[in-house]
Amino acid sequence: MFDEARPVLTPLMQDPAFAHALHLCGQRPMFLPDGLMMLHRRIAGVRLLMLPRAAPPHDLAAQLRSIGLHRTPLILSPETPCPMPRSLRLRKGGDRAVLDLTGSDEDRRAALHPKWRNQLKRGEKAGLMITRKPLPADPDTEILRQELRQAQQRGYANWPPPLTASFAAAAPRQTHVFRAHHKGRVVAHMLFLTHGACATYHLGHITDTGKALSAHNLLLWRACRYFAKRGAAQLDLGVLSDETPALNRFKLRCGATRRATGGTRLYWRPFARG
């Protein structure tokens, strides 16, 4: 599953599978000469480029000029803080929760918060059956329908179902649906996407029964063990938001640490030359 010859912490939105998924959705990403992928958008009729989740190269201006895009505004959103060219800050960086998978199962279990560890023990004793399968490449599959309803109810944004389904079509072995079954019914699931030597939590759903049985704790623990055994270096659990304190506690109590993001900046020739 993970490329042993290239254990690189490739950002999800710079993975070849993501570019392929965009093509399947009818989009045409562009590439810098060094291989970094850019997206193009129009906002209020203005053409913009986006360099998603990647540190800008030191010779960004020269690379853009070599492909005739040096006059086009470019949105930079590096995954982590890094040296940035002269640009206008649009949004300051935040934090995301990242779990180190390079240690042993014993080390990770010892790093669990006592309350999270007790919930995991409850899940382990609940008689849950855990399965893992690739995600079907169908935007109308039940998992993606549930995610769309949940996102609308809770007011958050995620990939549209056709994009997630296209990622599954482009790289089925990089999609991992972990399900918890209780008495023949699915009471919780989590979808993870893998890229380079990383895994990223993408979406999940849980029933009231699943909550009572701490199914998500068990699913996340089993997923960590699975990815670690196959060479993953880290698991990205997503952004930490002030609006979701309970979710933040779940992420951090499993042993994840806060990692600063790089924020969002506008790089444009007039700013660069100023």
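Contact, in these notes, means heavy atoms within 4.5 Å. I'm working on a predicted model, where local features need pLDDT of at least 70, side-chain atom pairs count only at pLDDT 80 or more, and totals for chains, interfaces and linings use all residues. Residues are numbered from 1 along each chain as its sequence is written, and side-chain values use heavy atoms, with hydrogens and water left out.

**Entry 1: Met129**

I started with Met129 and set aside its neighbours within four places in sequence; Met129 is then in contact with Arg179, Ala180 and His181. Met129 lies in strand 7. Helices (H or I, at least four residues) and strands (E, at least two) are DSSP runs, numbered from the N terminus. Is Met129 buried, partly exposed or exposed? Met129 comes out as partly exposed, with a relative accessible area of 48%. The scale I use: buried is under 20% relative accessible area, exposed is over 50%, partly exposed is in between, with a 1.4 Å probe and protein chains only.

An open sheet of 7 strands runs 7-8-9-10-11-6-12, with mixed pairing. Two strands pair if DSSP finds at least two bridges between them. Strand 7 (129-133) and strand 12 (257-260) are at the edges with a single partner strand each, so one side of each has no neighbour in the sheet. Ignoring direction, neighbouring strands here are turned by 30 degrees against each other on average.

I then walked along the pairs. Strand 8 (residues 175-182) and strand 9 (residues 185-195) are antiparallel over 8 bridges, and His182 stands opposite Arg185 in strand 9. Two helices pack on the sheet here. Helix 5 (residues 142-154) touches strand 8, strand 9 and strand 10 (198-206), and its direction makes about 75 degrees with that of strand 10. Helix 6 (residues 161-170) also touches strand 8, strand 9 and strand 10, and its direction makes about 65 degrees with that of strand 9. For such angles, axes are lines fitted to C-alpha atoms (for helices, over the stretch in contact), and the values run from 0 to 180 degrees between N-to-C directions.

Strand 9 and strand 10 are antiparallel over 8 bridges too. They make a hairpin with 2 residues between them, and Gly196 in the turn has a positive phi of about 60 degrees. His195 has Cys198 in strand 10 as its bridge partner. Cys198 in turn has Gln234 in strand 11 as a bridge partner. Strand 10 and strand 11 (residues 234-240) run parallel, joined by 3 bridges.

**Entry 2: helix 1 on helix 6**

What angle do helix 1 and helix 6 make? They pack at about 120 degrees, with axes 8 Å apart. From helix 1, Ala17, Phe18, His20, Ala21, Leu22 and Leu24 meet Leu163, Ser166, Phe167, Ala169 and Ala170 of helix 6.

**Entry 3: rings**

My ring rule takes Phe, Tyr and Trp (its six-membered ring) as paired if their centres lie within 6.5 Å; planes under 30 degrees apart are stacked, over 60 edge-to-face, and the rest tilted. By this rule I get 9 aromatic pairs. One of them is Phe18 with Trp159: centres 5.3 Å apart and planes at 45 degrees, so the pair is tilted. It links distant parts of the chain, with Phe18 in helix 1 (residues 16-24) and Trp159 in the loop between helix 5 and helix 6, 141 residues apart. Phe18 is buried at 2% relative accessibility, and Trp159 is buried at 17%. Trp159 and Phe167 have their ring centres 6.0 Å apart and planes at 55 degrees, so they are tilted as well. Phe167 is also buried.

Elsewhere, Phe178, Phe192, Tyr201, Tyr226 and Phe227 form one aromatic cluster.

I noted one charge over a ring (NZ of Lys or CZ of Arg within 6 Å of the ring centre and within 35 degrees of the ring normal). Arg109 lies over the face of Trp221, 5.4 Å from the ring centre.

Last, I looked up an open sheet of 6 strands, in the order 1-2-3-4-13-5 with mixed pairing. Strand 1 (30-31) and strand 5 (88-91) are its edges, each pairing on one side only. Strand 5 is antiparallel to strand 13 (residues 264-267) over 3 bridges, and Leu88 has Leu266 as its bridge partner there.
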